[in-house]
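User: I'm new to this one. Can you walk me through the side-chain contacts?
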Amino acid sequence: MSVQQATLQSLKAGRRALWRQRLAENWRVFRGNLLGKIGLSLLVMFGLMAGLSYIPPLIDPMYHPMTGVDPLVVKSTGPSLTHWLGTDFMGRDILSQLLAGARVAFMVGVSAAFMSVVLGTAVGMTAGYLGKTTDTLLMRLADMIMVLPTLLVVLMLAALFGQLSIWMIVLMIALFRWPGVSRVIRAQTLSLKQRPFIDAARVAGASHTRIIFRHIMPNVLPLAFLYMTFRVTSAIVIEAGLAFLGFGDPGTVSWGMMLQWVWKTGHMFTAPYWLLPPGICISLITLSFYMLGRAMDEVLDPRLRDETQAG
Amino acid sequence: MALLKVENLSIGYRTAGGMLKAVDGVNLSLEEGRSLGLVGESGCGKTTIGMALMGLLPPNGSITGGRIVLDGVEISALDEEELRKVRWSQVAMIFQAAMNALNPVIRVSAQMTEAIRTHRPDMDEQAIMQRVEGLFNLVGLPLERLHDFPHQYSGGMKQRAIIAMALALNPKLIIADEPTTALDVIVQDQILKETKVLQEQFDIGIIFISHDISIVAEVCHDIGVMYAGQLVEAGPAQEVFFNSKHPYTRALVGSFPTLAGPKSKLTPIPGEPPNLIGAIPGCRFCDRCPKDTASCKLEPPKWQEINERHWVLCDHC
Amino acid sequence: MRKYIAKRLAQVVVILFFILTVLFVLFRLAPGDPVSRMVDPEMTPEDAQHLIEQLGLDEPIWKQYLIYLKNFASGEFGYSIHYGEPVARVIWDKLPNTILLFTTAVLLSAMVGISWGKIAAWKKGKGADIGMTIAALVTHTLFLPWLALLLVWVFAYQLDWFPITGMVSEEVFLDPDAGFWAKAVDVGYHMVLPLATLFLIHFGSYLLVMRSSMLETLKEDYIVLARAKGLSDRAIRNKHAAPNAWLPVVTSVGLSLAFSINGGALTETVFSWPGIGRELVFAVSQNDYPLAQASFLLIATVVLFSNVVVDVLYAFLDPRIRY
Ligand SMILES: Nc1ncnc2c1ncn2[C@@H]1O[C@H](COP(=O)(O)OP(=O)(O)O)[C@@H](O)[C@H]1O
Ligand SMILES: [Mg+2]
């Protein structure tokens, strides 16, 4: 191995160690954050629910959240030994539906958030890095989309295209929730562009793509990641709202869907065992992603951290 | 009787890492109408002393020892309500970051009058307005800009407005914490000269805080040099500046060009001040000191008299 | 300032034009035949022919686009399939109901959120702060329609304090002797629960924004100067800190307007509040495309105009901004 290679290797190892150190440090701060801890534990619980959702249909097909019907039950019944949380109006098991709902919530939330963050990061970096007309155009577009009420926009798309499948809903949410992310990433990119190492890379002959992917992206990713937790929340809430209004994917059982059934079949005053669980779950999962986001905000922004230390 | 006496003052901040001793056993004394300069690198505790004099330490800071006596009144023993009465009417302050010391959403005139109105309920609006206009004339600000918002002022104008504000209630003591640091050199020079004239005209005591010893030497009667929370050298300005004893003072003198003189080469002081959390047994400067001896690290240094008014905290000067 | 408002209004027009164009294009791309989606199959052939001509559905596509724009500019939104009458007539009298609920909710929650956030920041770390912060965190992450159902269940169904749905009682509005105030009180009574729903969901986010903005403001040098001047805590908090801390809250109110109108539509639907949000939901469920399209545009217009109002308010509150 040549000396040069050796230095390069040790440099890389050093960088990796630095990363690990930073990660460990961030984790330490995060662990000291009460909100973050509560949020994370709740999310673990919801994760467990999602994982467990595969089990009930295996025990007995009547526990299938969508198609399983208890042949002995013809109307909504309260909690019992066979149905711990009771059944809905046609004898389907509410607990199984609730567990399936957790799976749908994660699926919708994480995939919509991921797509919108990828889109927002791409747009933000492009706008910030290229500047000029590209920047103006992209940001005008972002402004325009940002002021539109996403739930109603998706509703309008349902009016145009008819019933939307769950993946269409996810895609639509992603398509209309990126502007917030892109603005933040753009600002970050603009400030990165001023740093000497970008100039150095350019002088060294790096292409624009290389600069964007090698030098800018690693620096904006933590921020993008932070925004993802906030986007997860809004995606879950939008899907739930849509399902509640009766425009969800009829082939999936989401918590919003369960509330729509309670409400539309007129059980909201008589079946608290059916009304309460899905609402609590949507609210709690929102809260836990929100708390996680706030905690990460504090981890990533030392300014916020100092405040808690000094007091 | 001295206007201000600071006796053996110690101030600590509670931090996540433990108690941070920002000020440790400082003694100061100031006669009426005289000016004292406090100099030292950033972080040595100058602002902390200034804030303590106004009873304005942040929530995690507190006086852990010693006392502050202003005009016969022990400031360090007053409660919040009594302090509020002393503030601005007895001690006024000109801030370090003058650029941000004016509230951006309130007109300058209103910011000036509210100080008077708070402390002088007996004065009617007309008298207050007259007073404010008089002050504006005094510091050389055009009257037609009185009702502007702060962002319409230049940096120098903002600083003048704050000086006018500080003079509003004829305080006996003004604390000027790096009043000109954010200004460009020419404005800085003008403001310093005018401040000095005003101070002499109204016989106000001034504590002038700066990290630049050459400025302080020009405007102040006396100088106290601070290092890591302690006073390390004190005496008449000319004496401390031209006949510095403490190696730290010498380094400070060497590291700044004088305002008037030719720009000499700056020699920054190598090394960093010690961490103020936890106990420091010996001399605090010894790590950076050219005269460092074995005993310096172990024994705290003692005050040495150079002459009747010039003292230094060093065993080897 | 006047120029700035004019400029912002022009922007609103441009955005509306953009939305109209996108809707036009999507509508042509959508499955199904445009004529059958726009024209009620139960109309008499003459009426249908008349409507097709009015909407320009038999013209070449570029001309259809121009007619479409012209119709919207002149407030002709087409013919509702469900109601069998002009869309304009259906939605115009729904607009004030939505504006009433929406603006009251936004103003109320912003005002309460701001004043409580101010106090929470001032008492940082104390019981009042912790209590308010937790309350804010929890309420503003509640799922809105669920909260609405809970409120109805408890306060309308169980306790019977408020009506379950609707905006007016027939006895009052059909009574020829009922004066303006009797009617206003009746509407107010019906509005309590929908308003409470929107308020509970929204005040928390304003409270949290105000709290953190106020905490930032309290670190500023001008606050230290205000203290040094010997001002009372009250003066420091209300005169020096709060007016600066408002600014980010105003921005956040602007950014959350779209979110608020989503909530508005959900609330209207649950409470059968006769507003445009509910009309949009209804239209989509009935496949009444002309009605849906018009409701959506009207809602977008409301949001865009509220945004202008918020921006103007910001400029008014911050003397550093002069247009
Ligand atoms: N609110 C605070 N909390 C904790 N430490 C502080 C606080 N304010 C100042 N300090 C520390 O006290 C020391 C003195 O600070 P300061 O008085 O601002 O110094 P100077 O004005 O000389 O630059 C520094 O080490 C600083 O880090
Ligand atoms: Mg300082």
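User: Which residue lies over the face of Y54(A)?
Analyst: R103(A) does, at 4.5 Å from the ring centre. A charge sits over a ring if NZ of Lys or CZ of Arg is within 6 Å of the ring centre and within 35 degrees of the ring normal. This is a predicted model, where local features need pLDDT of at least 70 and side-chain atom pairs count only at pLDDT 80 or more, while totals for chains, interfaces and linings use all residues. Residues are numbered from 1 along each chain as its sequence is written, chains are lettered from A and ligands numbered from 1 in the order in which they are written, and side-chain values use heavy atoms, with hydrogens and water left out.

User: What sits over the ring of W122(C)?
Analyst: The charged end of R237(C), 5.3 Å from the ring centre.

User: Switching to salt bridges. How many over all chains?
Analyst: The count is 27. A salt bridge here is a side-chain nitrogen of Lys or Arg within 4 Å of a carboxyl oxygen of Asp or Glu. Side chains of opposite charge can pair when their charged atoms come close.

User: Give me an example. What does E7(B) pair with?
Analyst: R67(B), with the closest N and O atoms 3.1 Å apart. Helices (H or I, at least four residues) and strands (E, at least two) are DSSP runs, numbered from the N terminus.

User: Is E7(B) buried or partly exposed?
Analyst: Partly exposed, with a relative accessible area of 26%. R67(B) is partly exposed as well, at 33%. Buried means under 20% relative accessible area, exposed over 50%, and partly exposed in between (1.4 Å probe, protein chains only).

User: Where do K193(B) and D189(B) lie?
Analyst: Both are in helix α6 (residues 185-202) of chain B, 4 residues apart, about one turn of the helix. D189(B) is partly exposed, at 23% relative accessibility.

User: And D222(B), what's its partner?
Analyst: R309(B), with the closest N and O atoms 2.7 Å apart. This pair links distant parts of the chain, 87 residues apart. D222(B) is in strand β9 (residues 222-227) of chain B, and R309(B) is in the loop between β11 (303-307) and β12 (310-313) of chain B. D222(B) counts as buried at 12% relative accessibility, whereas R309(B) is partly exposed at 44%.

User: Which residues join into one network?
Analyst: E80(B), E81(B), R84(B), R87(B) and D233(C), through salt bridges that share partners.

User: Now aromatics. How many pairs over all chains?
Analyst: There are 23 aromatic pairs. Rings of Phe, Tyr and Trp (its six-membered ring) pair if their centres lie within 6.5 Å; planes under 30 degrees apart count as stacked, over 60 as edge-to-face and the rest as tilted. F24(C) and Y68(C) form a tilted pair, 5.0 Å centre to centre with 50° between the planes.

User: Where are F24(C) and Y68(C) in the chain?
Analyst: F24(C) is in helix α1 (residues 2-29) of chain C and Y68(C) in helix α4 (residues 61-73) of chain C, 44 residues apart. F24(C) is buried at 6% relative accessibility, and Y68(C) is buried at 10%.

User: Which aromatic cluster has F24(C) in it?
Analyst: The one formed by F24(C), Y65(C), Y68(C), F72(C), F77(C) and W92(C).
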